[in-house]
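Student: Let's go through this model quickly. I'll ask, you answer.

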Amino acid sequence: MSVTHNTTPRDQQGSGPIFDEEEERYARAQRIEAIARWVVPIVVLALSIWLWDRVVVWNEIPHYVLPGPGLVLSTLYEDRVTLFASLLVTLQITFMALAVAIIGGVGLAVLFTQSKFAEMSFSPFAVILQVTPIVSIAPLIFIYVENRLVGLLLCAWIVAFFPILANTTLGLKSADHNLRDLMNIYKASRWQRLRFLQLPSALPYFLGGLRIAGGLALIGAVVAEYVAGTGGIGSGLAFRILEAGYRLNIPRMFAALLLIALTGIVIFATTSLISHFALRKWHESAIKRE
Amino acid sequence: MTVHDRAVLPLGARRPVLRINEVDKTFNGGVVALRRLSLTVNEGDFISLLGPSGCGKSTALRLIAGLMRPTVGRIVWEGGQGSDDLGVVFQEPTLMPWNTVAKNVWLPFRLRGQSFASVKDRIMEALALVGLEKFADSYPRELSGGMKMRVSIARALVTNPRLILMDEPFAALDEITRQKLNDDLLSLKARTGATVIFVTHSVFESVFLSDRILVMAARPGRIIKEIEVDAGYPRGIDWRTSPEYAAVARATSETLTSTLAPDEVH
């Protein structure tokens, strides 16, 4: 029986820094995985689109039932002026709602942790607003709110602010108890405690809330536009989808849908990136283990 | 004022820092955590509170830190308590993970509104005392458990406090790191003349470090014996392996054992 190759001195082996077959196999698997992480989703997505195209062509499906991907793209290009103007409107509502949700959510969360009575008084409202589906509140909002933009904004805000409020409140409360004691020992003021301990402790929680709220603000904006309907001066993407639906302009519906989906992806990627850069120095979630 | 300008005075010439007079602490529900705790802490003292879990040693520390009020009795700082009279080291390093080492040590100054630049020298001096001046810009997560504890100690002594409270600071560390930190703590004390109250449940740690050991018993929490350790400072491996050390450790250990089974002693 031969001795295992593991005990062979290094200089008698082949060149290279890797001297263990298992290690080499592991390293190769790692490299393959790193490439596959990008290649696999792209290939699968491309195949799905190709299949979609083939199904339309092979079955000779008319474009007013299901347009092929090529037609959707060319419609996107031909209607670009209308669609991008609408995209800007939707984006405007989304980001304004998100901004107000951040201010309102963080503000309320700070208020909740500073005053028990404020929390007892207002948290039921927050929960009620959160658990009631926005589609059922929105019609009322458009009855009472004169300005259409404000109405849309309000709807998107209601959906987006709760995750920020809930997460930030949790974060503000989860500051390390020894550090809180330390703040007491050094006789920190309420403001100092908030500024130096509670807000930094809450940052990872807030950013988690922001990632959820970003997507929800877009959903809220789109849903509100649907409810607001085609009457009035609406011109967001959801309005374009409704309008195209009435005209049986299916390719344009798909083009608008594509824009909404892309917007959602961009929002998610942006908030994830913000989160990563804000936390990469110190938080567990953003630290790569070696 | 710098961190190490306080002379180590001989016993007897020391001025008191803090007096604890007949302090009781009863928690809601009538649990007596501490009964008749009396203690005078003198400048330069290294006092250990030694006892089993539930003997009220941590409660005593929290009372001194002002984190709770005594039910009965008084804790009086000689000459009143100033804002930088107290430094505390907890069982965990208790650092802010989002701040660098230097910024963590800055905290006591920061809370008094002093800018980083104005106290940078003192921060670096405190970090040098614990041997971490090279890690000033590191984040806590990049440090080992022992190094984090050192940062915590640097933060406690950066204001040159009259009293440093340590609540089982090395209990979570491995034995080798713990011995090293014990040695370092003593050399720190020698250089700064700091006054320390040190809570521990390790007989050997208390005998190695302190000049006074207060042995505590539980139910109700109280001091049952004060043991003076006559050996002077500095102390090192010679002290740790000397017959005197063994004798004190034995006496302390026996006192401690007697507290665990009070029924058998009666």
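Student: In which loop of chain A does A:Glu60 lie?
Tutor: This is a predicted model: local features need pLDDT of at least 70, side-chain atom pairs count only at pLDDT 80 or more, and totals for chains, interfaces and linings use all residues. Residues are numbered from 1 along each chain as its sequence is written, chains are lettered from A and ligands numbered from 1 in written order, and side-chain values use heavy atoms, without hydrogens or water. Helices (H or I, at least four residues) and strands (E, at least two) are DSSP runs, numbered from the N terminus. In chain A, A:Glu60 belongs to the loop between α1 and α2.

Student: What is phi of A:Glu60?
Tutor: Most residues other than glycine have a negative phi. A:Glu60 is not glycine, yet its phi is positive, near 50 degrees.

Student: How many helices and strands does chain A have?
Tutor: Read along the sequence, the pattern of chain A is α-α-α-α-α-α-α-α-α-α. The count for chain A is ten helices and zero strands.

Student: How far apart are the C-alpha centres of the two domains of chain A?
Tutor: Chain A is divided into domain 1 (5-58) and domain 2 (69-286). Those bounds come from an automatic or database domain assignment. The separation of the C-alpha centres is 39 Å.

Student: What is the volume of the second largest pocket?
Tutor: On a 1 Å grid over the protein atoms alone, a pocket is an open set of points where a 1.4 Å probe fits, with protein on both sides within 12 Å along at least five of seven lines. Grid points are joined across faces, edges and corners, and the volume is the space filled by probe spheres set on them. For the second largest pocket, that is about 420 Å³.

Student: Which helix gives the most to its lining?
Tutor: Lining residues have an atom within 4 Å of a point; among them are A:Trp52, A:Pro69 and A:Phe254. By class, the lining holds no polar and no charged residues, but twelve nonpolar (Ala, Val, Leu, Ile, Met, Phe, Trp, Tyr, Cys or Pro). Two or more residues each come from α1 (21-58), α2 (69-78) and α10 (250-279) of chain A. With six residues, the top contributor is α10(A).

Student: Between which domains does this pocket lie?
Tutor: Look at where the lining residues come from. Both domains of chain A give some, so the pocket lies between domain 1 (5-58) and domain 2 (69-286).

Student: Now chain B: what is its radius of gyration?
Tutor: Chain B has nine helices and nine strands. Its C-alpha atoms fill a box of roughly 60 × 45 × 40 Å along the principal axes. A compact globule of 266 residues would have a radius near 18 Å, and chain B agrees, with 18 Å.

Student: Which residues does the cis peptide bond in chain B join?
Tutor: Look in the loop between β8 (212-217) and β9 (222-228) of chain B, where B:Pro220 is found. Omega is about -5 degrees, and the bond joins B:Arg219 and B:Pro220.

How values were computed. The radius of gyration is taken over C-alpha atoms; the globule rule is 2.2 Å times the number of residues to the power 0.38.
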